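Me: I've got a structure open and want a quick walk through it. Can you take my questions as they come?

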Amino acid sequence: MTSPLRPRSGAALNFTFDGKQMQACEGDTLAAALLANGIRLVGRSFKYHRPRGIMTAGVEEPNALVTIGEGGRAEPNTRATDVFVYEGLVARSQNRWPSLNLDLGAVFGLLSKALPAGFYYKTFFGPAKLWLVYEWFIRRAAGLGNAPREADPDRYSQRSAFCDVLVVGGGPSGLQAAVDGVDGVDAGKRVILVEQDAELGGSLLRDDHDLGPDWIGSMAARIRGAGGTILTRTTASGYWEHDLVTLVERIAEPGQVPTHGTAQRLWHVRAGKVILATGCIERPIAFSHNDRPGVMLSQAARTYVRRFGVLPGKRVVIATNNDDAYATAQTLSDAGAIIVAILDARSSLSPVASEAQGRFTVHTEAAPKAANGSKARLKSVTASVSGIEVSFDADLLAVSGGFTPVTHLHMQAGGKLDFSDEAQAFVAADCRQNVETVGSAANPPPALPLKVYGDPKTSFVDFQNDVTIADIDLAWAEGYRSVEHLKRYTTLGMATDQGKTSNMTALARLAERRNITIPDAGLTTFRPPYTPVTMGALAGRDHRDAGAHVRRVPLWDEHKAANAIWQPAGYWMRPRAFPRNSEDLAASARREAQTVRRAVGMTDVSTLAKFEVSGPDAARFLEMICATSVAKLAIGRGRYTFMLRDDGLAFDDGTVWRLEENRFLLTSSTGGADRMATHISYVRQVLHPELRVSAVNVQEHYAGIAIAGPLAKAALWAMIGTEPPRHMSLARATVTGVPVLLLGASYSGERAFEIYVEATQSGPVWTDCAAAVAERGGCTYGLEAMEILRIEKGHVVVGGELDGRLSPHDLGLAGMLNKAGGYVGEAGLSRPALSSPGRLQLVGLESLDGPIPEGAMLTKERISAAHGHVTAAAYRVMSGDPIALALLADGRSRMGEELYASSPTRNQFVRVRVTAPHFYDHAGERYRD
Amino acid sequence: MIEVAISTLPAAPLHTLEIWSNAQAVAKRFQEAAAFALPPMGQSAGNAGVRLIRFEPTVWLVEGDWTGLEPVLGDDGALTAIGGGIVRIALSGTGWRRLLMEGGVFDAENIAFGPGCSAATIIDHVNVRLHVTDEKQCIAYVPSSFAHDLIAFWKAAASLA
């Protein structure tokens, strides 16, 4: 299996395959190293568990899929042709049991006649519950590798880049295009050249060429010397709008411990122009058992000899429909192999074939019918030579069925394709984006259409998904005429290789059956990614945190010191409770809520949305944003307000305060903050750009502290040294020398204040407030207590009761609407549907049985039609009696009615009585001094 | 490893200045009062006491002494304090351009983005405003809530790149 060409200088690399220790040379792909170690059987196919070897030398490899690495670093379904061996690499074959050599799953191959394309559409009928059985079976039978169960220990990076020219492909055409960009005909441009291989050169690494051995190095030096960027081991995985191309750079090989911690980098490259020098993929030939180890693409065989010094066979038959395979014959012969025969499908010899005939036995009108041998070894090739069956002893069959240009990126860019009759392949045509295809991808070598001589049932087209010629014929016979239907019925091209080696063969067969041309048969759509992309690369550096940074409140350190239980609220982390001693969350929240009702509590409301609106037209502007009147608000006063979408439905609520004649503060919910900012910007920039107003998002400028309870006024008075503002009034003061804005506002149902302070100075104010509260027997409280308090008071919350489906009337807020109109949503409110009977309305619920399950349906019987649902459940703060808020059809006319809060999935059915949605101080007397 | 030092600057007065009418007249009044012109889009201008950075067509970020600006604006614009919600982070060293490409969407490596230039962009999903103070330093204005995590992100990116 080795050859004299194989370099042996330098240190050998140790690796294992299925636990067996082996050695590789520096620069070997795993495929090359396995061949050098005499390994021909590398994997098992997806469906029939057929023995498979190495067919290609590139990313298009459909057969030699292995799992690389261990633990969380394990990467399944890695192409052995696309991983470079490093010291300690661990590779395992997959989709076999108990071993690669003895795989019991191969029984599926024996049953292949019963498992044709689409058999599952005809098999898995019956009662729905049987699907649980089918699913168990199908999931265990489904092949390829297993995803690791451990967490990925590596890091991933995402980086942007901008360039004038992005060249994809580091072969001769790509190198020339890049040099033209930096110091050639288009000199001075910012150029990025990407190559998915570890080495530049492309076909030059495989072929004898006139450019000289140093040409690749000199071109690379010119690119780098002129400021260009070269990224090797980097695949252009997707082409998006506006010439945005995503690249995936492998910094570490699959399974390898990254030197600097980062395993892969996802690049977002915005290019002025993209040049695709992506080359061609050689096509296999369909014949019986063409998937047997020992059948290899012609150029791959040449690559293993010339680049890696590995001779993949000693007795070689070459089957071709083009001239390129003659170079393979010469290369293998030079390396010591015996060329048993060249089977040329063409009827007459081309000049290249004529020239070779003196050295090799060349048969015209010849093609393989079958590859014969064992599971790991090819022994002979049966061929049709001018209609006569002939057999050749051989251990390698190198095949070339023509060349398919790599047009994936061109097509992803929205480009069209033309069909080349000469090459029997699609080539890049016009594109709306600034992309150009050069080199062999634009001009593939000519090739003859091929006939299938072998048994269609064992002549494979899609090697990964075990789709045969017979499967395509079956799909056609069953009426699947469209290539898109054919694809989905047979699963052709739907494996991880996305049909790189199978599409054209399948299209040719479909066209032949339909008696139409290949372009008339159509082509399926190429979608990103070009090759599989690790999920971590898409997630980026924060893949462990769902890709999102945590937003910290200004008082983060204070809450952390107070032993807060944290709760995510969007990207924010907010204190949920402040447990003392051994309290759990529920006990802590109840103590905190009762303290607010009995004495005083304080909480962090910094995350509330806040907007400062100023200018001569500020009041007019706010009367568009808010559905309540604003203009008549006196300076120093505030009011509750809510906001509507264009369709008249409420989407947020808050308060509006008149700070000065032409300056207001608008607050709204934390959860709706970004949406509110967008809405304000929309009204300002789009609906009324003529207004003399400035609306600035000051959400983070101010930290907010709410202080609530019957002793809140006394605590605040002690802090500021003067009488605090009355309910819905504001005042300015200082706390420990820090200027603060005081708003008399309550969310808890108690006399309460919100203290706003510039966030950078909030620490001392919080500390002073905590001392004043503690002095009066109070405490800090978190979101859990706040939720209990607001439910008891009957305040709505965005996402709970304000679910985007309710009108002000549904919420019982119609009386607050601005009678002068002019607000966003006024027109939408007049729609008859918003006043029709049966609409959900906000109500309260009292339990007759026990705790009310949140989210439960409201039904007349335990199991019957839903009339509404429970939006939020809690209990009366002091007595502990269960209560809830709910949305109920025609709810306000159903006071006193008894229903079930029904949750069949939790087997909870609680009897409830409908009440008004206010369980505490309905008259609002506790707000008054 | 990216050659860049990441440091948090002390809190400073920051305001937005928005002009909604009579822009030419305001610009003239401003130049007379400040002795320098309002900077154009994507640029900054200032003196020892105050610097204005234009990030939006009608909005400037005012850094420093803002006390003389309200009379200049009159009824044609407004100042609003925002400094409590922004952390200023200095990215110093030859590698600041490279660092900003990590998780970024803005062409910070374009040499035209030089001293005096500004941009509003997204870095790893966080809205950030940038101001180049000299060839070896860029100031990032980061929302306070994201500052801790973004600094950690930058430090990791600088050390792992």
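Me: What do the 6 strands S42-S45-S44-S43-S46-S47 of chain A form?
Reply: A closed barrel, with antiparallel pairing. Bear in mind that this is a predicted model.

Me: How many bridges join S42 to S45 in chain A?
Reply: 7 bridges. S42 covers residues 840–847 and S45 covers 882–889, and the two run antiparallel.

Me: Which residue of S45(A) does A:Leu845 stand opposite?
Reply: A:Ala884.

Me: And which strands does helix H22 of chain A lie across?
Reply: S44 and S45 of chain A. H22 spans residues 783–793, S44 spans 866–875, and the helix runs at about 125° to S44(A).

Me: Staying in chain A, where is A:Gln424?
Reply: In the loop between strand S24 (417–420) and strand S25 (425–428).

Me: Buried or exposed?
Reply: A:Gln424 is buried, because its relative accessibility is 14% and the cut-off for buried is under 20%.

Me: What does the side chain of A:Gln424 reach?
Reply: The backbone oxygen of A:Asp421, at 3.0 Å.

Me: Which residues is A:Gln424 in contact with, leaving aside neighbours within four places in sequence?
Reply: A:Arg283, A:Phe419, A:Ala447, A:Leu448, A:Pro449, A:Met504 and A:Ile518.

Me: New topic, chain B. In what order do the 5 strands of the open sheet come?
Reply: S3-S4-S5-S2-S6, with antiparallel pairing.

Me: Which strands stand at the edges, and why is one side of each left without a neighbour in the sheet?
Reply: S3 and S6 (77–81) of chain B. Each has a single partner strand, so one side has no neighbour in the sheet.

Me: How many bridges join S2 to S5 in chain B?
Reply: 5 bridges, between S2 (residues 14–19) and S5 (residues 59–64), which run antiparallel. B:Thr16 in this chain stands opposite B:Leu61 in S5(B).

Me: Where does B:Gln43 lie?
Reply: In the loop between helix H1 (23–34) and strand S3 (44–46) of chain B. B:Gln43 is partly exposed, with a relative accessible area of 30%.

Me: What is B:Gln43 in contact with, beyond its neighbours within four places in sequence?
Reply: B:Leu52, B:Ile53, B:Arg54, B:Gly116, B:Cys117 and B:Ser118.

Me: How many residues apart in sequence are B:Gln43 and B:Leu73, and what about space?
Reply: 30 residues in sequence, and 20 Å in space, C-alpha to C-alpha.

How values were computed: Residues numbered from 1 in each chain as written. Chains lettered and ligands numbered in written order. Predicted model: local features only at pLDDT ≥ 70, side-chain atom pairs only at ≥ 80, totals over all residues. Heavy atoms only, no water. Pairing = 2+ DSSP bridges. Helix = DSSP H or I, 4+ residues; strand = E, 2+ residues; numbered from the N terminus. Contact = heavy atoms within 4.5 Å. Axes fitted to C-alpha atoms, helices over the stretch in contact; angles between N-to-C directions. Buried < 20%, exposed > 50% of the residue type's maximum accessible area, 1.4 Å probe, protein only. Polar contact = N/O pair within 3.5 Å; in protein donor to acceptor, adjacent residues only side chain to side chain.
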